[in-house]
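Please go through this model with me, asking at each step what a label rests on.

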Amino acid sequence: MPRELITIQVGQCGNQVGTRFWNLALREHAAANPHGFFDEPLSSFFRNVDTRSDDPSEIPLGAGRTPIRALKARAVLVDMEEGVISQLERGPLAEIFDARQRVTSHAGAGNNWAHGYAVDGPRHAEELVDAVRRAAGFCDSLQCFSIIHSLGGGTGSGVGTYLLPLLADEFPDVFRFVTCLLPAADDDVITSPYNTLLALDQGT
């Protein structure tokens with residue numbers, strides 16, 4: 001039985017890196033599976049759906065020889081500014097993301113860990129949990145969450161670290177793997193070192 005993995009991309013950096021991941025995953029699978037079958041490796045990261053209705057219906061994995069109709073990534077997109085996610089919605093991968101598994105706001109966290117952790121996280125906690133629950137509801141055997149976020153910004157560091165205990169409470173038996181990106185040595189955001197230290201303190 002395949003074991004599913006849900007990717008949660010948080011903040012500008014998390015969503016940019018996540019988009020590169022999905023692009024690469026699709027290209028690698030196309031190279032390894034030129035016939036376009038929905039097989040077990042692909043089902044760990046994607047759903048195969050029939051999009052002819054407003055609420056796309058799930059197409060079962062079967063024996064791994066079912067043709068791909070339309071893919072939906074097992075992903076939740078989170079950002080307190082709409083810019084990057086709006087770009088994704090207009091980009092070549094727009095169709096693979098489920099609009100009901102996105103959590104956005106207008107104000108942004110202002111490169112401030114405390115704002116992301118103490119304000120945006122609690123404010124959007126219910127939306128975050130609902131989006132993750134929706135993604136998990138399509139899984140037969142959810143193995144883990146893969147969280148992608150930066151430590152230097154406000155949303156990635158603040159909301160990213162707020163999300164970790166939230167997942168632990170809601171899904172105590174599901175592993176959580178974190179890919180966190182450290183700011184560069186020449187980062188010009190003055191709060192980056194502080195955000196990084198505070199995020200690491202909460203995340204460890």
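**Salt bridges and pockets**

In this predicted model, the side chains of Glu170 and Arg133 come together in a salt bridge, with 2.8 Å from N to O. The two partners belong to distant parts of the chain, Glu170 lying in helix α6 (residues 155-170) and Arg133 in helix α5 (residues 125-137), 37 residues apart.

Q: Why is the contact between Glu170 and Arg133 called a salt bridge?
A: The N to O distance is 2.8 Å, and the definition asks for a side-chain nitrogen of Lys or Arg within 4 Å of a carboxyl oxygen of Asp or Glu, so the pair qualifies.

Q: What makes Glu170 and Arg133 partly exposed?
A: The relative accessible area is 35% for Glu170 and 42% for Arg133; partly exposed covers what lies between under 20% for buried and over 50% for exposed, so both residues receive that label.

Q: How do you know that Asp120 and Arg123 form a salt bridge?
A: Their closest N and O atoms are 3.7 Å apart, and because the cut-off is within 4 Å, the pair is counted. Asp120 and Arg123 are three residues apart in helix α4 (residues 113-123), and therefore about one helical turn separates them.

Q: What makes Glu58 and Arg47 a salt bridge, and which strands hold them?
A: The closest N and O atoms of Glu58 and Arg47 are 3.0 Å apart, which is within 4 Å, so the pair meets the definition. Glu58 is in strand β4 (residues 57-58) and Arg47 in strand β3 (residues 46-50), eleven residues apart. Both also take part in a network of salt bridges that includes Asp98, Arg100 and Arg134.

Q: Why is Arg47 called buried?
A: Its relative accessible area is 4%, and the limit for buried is under 20%, so Arg47 falls in that class.

Q: What makes Glu58 one of the residues that line the second largest pocket?
A: A lining residue has an atom within 4 Å of a point of the pocket, and Glu58 is listed among the 13 lining residues, being one of those that lie nearest the centre. This pocket has a volume of about 150 Å³, and its lining has six nonpolar, two polar and five charged residues.

Key: Residues are numbered from 1 along each chain as its sequence is written. This is a predicted model: local features need pLDDT of at least 70, side-chain atom pairs count only at pLDDT 80 or more; totals for chains, interfaces and linings use all residues. Side-chain values use heavy atoms; hydrogens and water are left out. Helices (H or I, at least four residues) and strands (E, at least two) are DSSP runs, numbered from the N terminus. Buried means under 20% relative accessible area, exposed over 50%, partly exposed in between (1.4 Å probe, protein chains only). On a 1 Å grid over the protein atoms alone, a cavity is a set of points where a 1.4 Å probe fits but cannot get out, and a pocket is an open set with protein on both sides within 12 Å along at least five of seven lines; lining residues have an atom within 4 Å of a point. Grid points are joined across faces, edges and corners, and a volume is the space filled by probe spheres set on the points. Ala, Val, Leu, Ile, Met, Phe, Trp, Tyr, Cys and Pro count as nonpolar, Asp, Glu, Lys and Arg as charged, and the others, Gly among them, as polar.
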